[in-house]
Amino acid sequence: MNFIFLNVICPFCGTFAFAVLFCVPKKYYLQCGLTGLAGWLVYLLAYQYTSVAMATFFGTLGVVLLSRGLTVIMRCPITMFLVPGIFPLIPGAGVYNTAFYLVTSQLDKASASGLNAIKVAFAIVAGIVFVVPIPRELFRLEYWRRKIG
């Protein structure tokens, strides 16, 4: 029960709360929460087989793909879903630990923690850069109907 709560409810609620803080219109709150939840679940699945940075990259791909799809369906800017959806993947603990280790003069731990945080941040940027340039038409159902039949 703890696993389900921590890995399903918490990312959804955190993303939902960040959407409120980010002033997303109320009609998009549920989709924002589901976007963050989907990205976190992809991260958890990928983390079993890859590193933290690669799992974050795959989680970000999930968030951006879902955000692009919701953008077309809901007819709104991608930032409505992308910014709150990325929230669970941000390396906050890594940045905090880096600052803590720097202040306490543990430079070896600070450099290791900082490097990991930079890897995760780069993975987030790379995931966004790979998906956002995909043409909007590819996310429309009509495009695929014409293409197939």
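The chain has seven helices and zero strands; both are DSSP runs numbered from the N terminus, helices being H or I with at least four residues and strands E with at least two. What you have open is a predicted model, where local features need pLDDT of at least 70, side-chain atom pairs count only at pLDDT 80 or more, and totals for chains, interfaces and linings use all residues. Residues are numbered from 1 along each chain as its sequence is written, and side-chain values use heavy atoms, with hydrogens and water left out.

**The whole chain**

Start zoomed out. From the N terminus on, the elements read α-α-α-α-α-α-α. Taken along the principal axes, the C-alpha atoms fill a box of roughly 60 × 30 × 30 Å. Of the 149 residues, 38% count as buried, meaning under 20% relative accessible area with a 1.4 Å probe and protein chains only (exposed is over 50%, partly exposed in between). The chain exposes about 9,200 Å², and carbon and sulfur atoms supply 73% of that; areas come from the Shrake-Rupley method with a 1.4 Å probe, and for residues only the protein chains shown count as cover. Among contacts (heavy atoms within 4.5 Å) between residues at least 6 apart in sequence, 66% join residues at least 24 apart.

**Stop one: helix α1**

Select Phe-5, Leu-6 and Ile-9. Together they form a nonpolar patch on the surface, with about 270 Å² of accessible area. Patch residues have over 30% relative accessible area and no salt bridge, with like charges joined within 9 Å and nonpolar side chains (Val, Leu, Ile, Met, Phe, Trp, Tyr) within 5 Å; a salt bridge is a side-chain nitrogen of Lys or Arg within 4 Å of a carboxyl oxygen of Asp or Glu. Leu-6 sits in helix α1, residues 2–21.

Now click Cys-10, also found in helix α1. Cys-10 counts as partly exposed because its relative accessibility is 34%. Draw a line from the C-alpha atom of Cys-10 to that of Val-24, 14 residues apart along the chain, and the separation is 19 Å.

**Stop two: helix α4**

Next, select residues 79–86. This is helix α4, mostly covered, with six of its eight residues buried. Colour the buried ones: Met-80, Phe-81, Leu-82, Pro-84, Gly-85 and Ile-86. What covers them? Show α1, α2 (29–47), α3 (52–74) and α6 (107–131), which are included in the cover.

**Stop three: the largest pocket**

The largest pocket holds about 180 Å³ of space. On a 1 Å grid over the protein atoms alone, a pocket is an open set of points with protein on both sides within 12 Å along at least five of seven lines, and lining residues have an atom within 4 Å of a point. Points are joined across faces, edges and corners, and the volume is the space filled by probe spheres set on them.

Which helix gives the most to the lining of the largest pocket? Helix α6 does, with four residues. α2, α3, α5 (92–103) and α6 each supply at least two.

Ser-113 is buried because its relative accessible area is 12%. Beyond its neighbours within four places in sequence, Ser-113 is in contact with Gly-94, Asn-97, Thr-98 and Tyr-101. Gly-114 lies in helix α6 too, and at 13% relative accessibility Gly-114 counts as buried.

How values were computed. On a 1 Å grid over the protein atoms alone, a cavity is a set of points where a 1.4 Å probe fits but cannot get out, and a pocket is an open set with protein on both sides within 12 Å along at least five of seven lines; lining residues have an atom within 4 Å of a point.
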